[in-house]
Each structure stands twice: as structure tokens, then as C-alpha cells.
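This report describes the salt bridges of the structure shown below.

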Amino acid sequence: QVQVAESGGGLVQAGGSLRLSCSASGTISKIYYWGWYRQAPGKQRELVAGLYIGGDINYADSVKGRFSISRGNSGNNTVLLQMNNLEPEDTAVYYCNAKWADAPTHFTSWGQGTRVTVSS
């Protein structure tokens, strides 16, 4: 089993920065993918950034050049989302997602979310 938990949300003015952190516990050696998603009021949850343990990274077009996903310094149990030049449209609850495998089955673990509010 893998559990994940987010931290780092808050209120920031437009143009500001925040860094979100996702920490995993459990059988973290089985994680092969980390993702940050967000859900704004009245909208569907969408992928913001994803990182494969092998190195591939992808971003939503709306955050390219402003957001950066990276692994923390604590091995495979932390992933960061650095968010710069925030816009009011970035206001949402941000969720961490970890995909892991216990062959032959694949699993997905979600955190409870952390709220980001960007004021204009």
C-alpha cells in the first residue's frame, strides 16, 4: 500500500509563488509515476504535471513555463510542485497522485488535496 499527503497550499497574490509538497508512505519503492492534479469549482479534475520515475515529465499547456515538478531530496518519497507567476485561474484544490504496481496489478493513490487561492 502507498499513501500520499499534500502540503503547502495557501493564499497568494497574482504573480506570486507557492511550492506544494507531496509525501508518500508505505511501499514507496513500487511507485513509478507521480502526478499533480487540480480541481477548480465547477470544473473537472485535470492533470497539471506528471513525472515518471524514469525521468519523463509532462505539463498542462496552461502551466508550462510557470510550474515545475521535481523529486524531493528524500529519495522516492517526496515530489514537489513549484508554482511561479500564479494567476487567479490557478485557484483550485491541488491533489497528489501516485501510481504504483504490485505485479500484475496497478494501483493509484490520491491525497486529500491542498487548496490554492490566487487573488487578483
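## Definition and basis

A salt bridge is a side-chain nitrogen of Lys or Arg within 4 Å of a carboxyl oxygen of Asp or Glu. The model is predicted: local features need pLDDT of at least 70, side-chain atom pairs count only at pLDDT 80 or more, and totals for chains, interfaces and linings use all residues. Residues are numbered from 1 along each chain as its sequence is written, and side-chain values use heavy atoms, with hydrogens and water left out.

Side chains of opposite charge can pair when their charged atoms come close. The structure contains 6 salt bridges.

## Asp61 and Lys64

One of the salt bridges joins the side chains of Asp61 and Lys64, at 3.1 Å from N to O. Asp61 is exposed, its relative accessible area being 64%; exposed means over 50%, buried under 20%, and partly exposed in between (1.4 Å probe, protein chains only).

## Lys30 and Asp102

Lys30 and Asp102 form a salt bridge in which the closest N and O atoms are 3.7 Å apart. Lys30 lies in the loop between strand 3 (18-26) and strand 4 (31-39) and Asp102 in strand 9 (residues 92-102), so the pair ties together parts 72 residues apart in sequence. Strands (E, at least two residues) are DSSP runs, numbered from the N terminus.

Lys30 is partly exposed, at 30% relative accessible area, and Asp102 is partly exposed, at 39%.

A salt bridge of 2.8 Å (N to O) connects the side chains of Arg38 and Glu46. Arg38 is buried, with a relative accessible area of 6%, whereas Glu46 is partly exposed, at 35%.

Both residues belong to a network of salt bridges that links Arg38, Glu46, Arg66, Glu87 and Asp90.

Technical notes. Helices (H or I, at least four residues) and strands (E, at least two) are DSSP runs, numbered from the N terminus.
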